[in-house]
Amino acid sequence: MKLSLALLSALAASASAFAPAARPSAAFSRTALFEEAEAAEEVAEPEPEPEPVGPAYTCMSREAILASPNTLEFGSVWDPLGLAELGGDETIAWFRHSEVKHGRIAMAAFVGWWAVGAGLRLPGELSYGLDFASIPSKGLEAWDAVPGWGKAQMLLFAGLIEFHDELFFSRRGTHYMRGGTPGKNMVPGLYDPLGLHKSKSEEAKARGRDAEIKNGRLAMIGVAGLYAAATIPGSVPLQPPC
């Protein structure tokens, strides 16, 4: 009997040696994981927010653009509609570039209108069967006498100049909205083909640019007056028929 009990005790002891160890409870494991995650969040420093990336170019400032030309006539910038306050520096650069180009067109238009009215004519024919000498002396009538294809050629030529001006500004220099000079001509041979202004000083060139802007403004007013006088009789005092 005693021998049997001893054998049973030995078998039980040997079986307990192969029994799996007790596992920690699931609740304890989850609590430990949450504590480790919270500790990691407390230790980790927050990453700094990336700074906003500004443009890689610097446009000419609004103040620098409006500082030229001088304001001797009015004492300050004459801007009753507040257009100079619209947009940023790029907008003002675009305004100035457009103003200079429109002034150049207006000066050419005014001279052409005056030349036709004064009776000046080119030799030869404007088109087949149409001599320059037969063109009327009044501006709008002279424009009406130009054939449709002639008008299309002039408009196409102006469009090509505009296209190449923007193209050369981007490829051969700095664009006027990216730091370049607004109003600068970039089409080769269009302005000063003889290079008469290359030897001038920077001060003389600056005075020339100021004079060009002012003369362009005056020409725009002049062309508007000629058009008004031609379309609305008596709208411009002392203006003869044109």
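Where does the largest share of the lining of the largest cavity come from, and how many residues is it?

Analyst: The largest share comes from α4, with five residues. This is a predicted model: local features need pLDDT of at least 70, side-chain atom pairs need 80 or more, and totals for chains, interfaces and linings use all residues. Residues are numbered from 1 along each chain as its sequence is written, and side-chain values use heavy atoms, without hydrogens or water.

Start with the cavity. The structure holds one cavity of 30 Å³ or more. About 30 Å³ of space lies in the largest cavity. (On a 1 Å grid over the protein atoms alone, a 1.4 Å probe fits in a cavity but cannot get out; a pocket is an open set with protein on both sides within 12 Å along at least five of seven lines; lining residues have an atom within 4 Å of a point.) Volume is the space filled by probe spheres set on the points, which are joined across faces, edges and corners.

The cavity lining consists of E99, V100, G103, R104, M107, E212, I213, G216 and R217. (Helices are DSSP runs of H or I, at least four residues, numbered from the N terminus.) By class, the lining has three nonpolar, two polar and four charged residues. (Ala, Val, Leu, Ile, Met, Phe, Trp, Tyr, Cys and Pro are nonpolar; Asp, Glu, Lys and Arg are charged; the others, Gly among them, are polar.)

Now the pairing of α4 and α7. Their axes come within 7 Å and cross at roughly 55°. (Axes are lines fitted to C-alpha atoms over the stretch in contact; angles run from 0 to 180 degrees between N-to-C directions.) The two helices are therefore oblique to each other. (Under 35 degrees is roughly parallel, over 145 roughly antiparallel, 65 to 115 roughly perpendicular, the rest oblique.) The crossing is left-handed, with the near helix turned anticlockwise from the far one by less than a right angle.

Contact means heavy atoms within 4.5 Å. On the α4 side, the residues in contact include R96, H102, A106, F110 and W113. Their α7 counterparts include N215, A219, M220, V223, L226 and Y227. E99, V100, G103, R104 and M107 of α4 are also in this contact, as are E212, I213, G216 and R217 of α7. By class, the contact has 13 nonpolar, five polar and five charged residues.

The largest pocket also draws on α4. About 1500 Å³ of space lies in that pocket. It is lined by 36 residues, with I105, A108, A109, W143 and M154 nearest its centre. α4, α5 (139-145), α6 (148-171) and α7 each supply at least two. α4 gives the most, ten residues. The pocket lining divides into 25 nonpolar, five polar and six charged residues.
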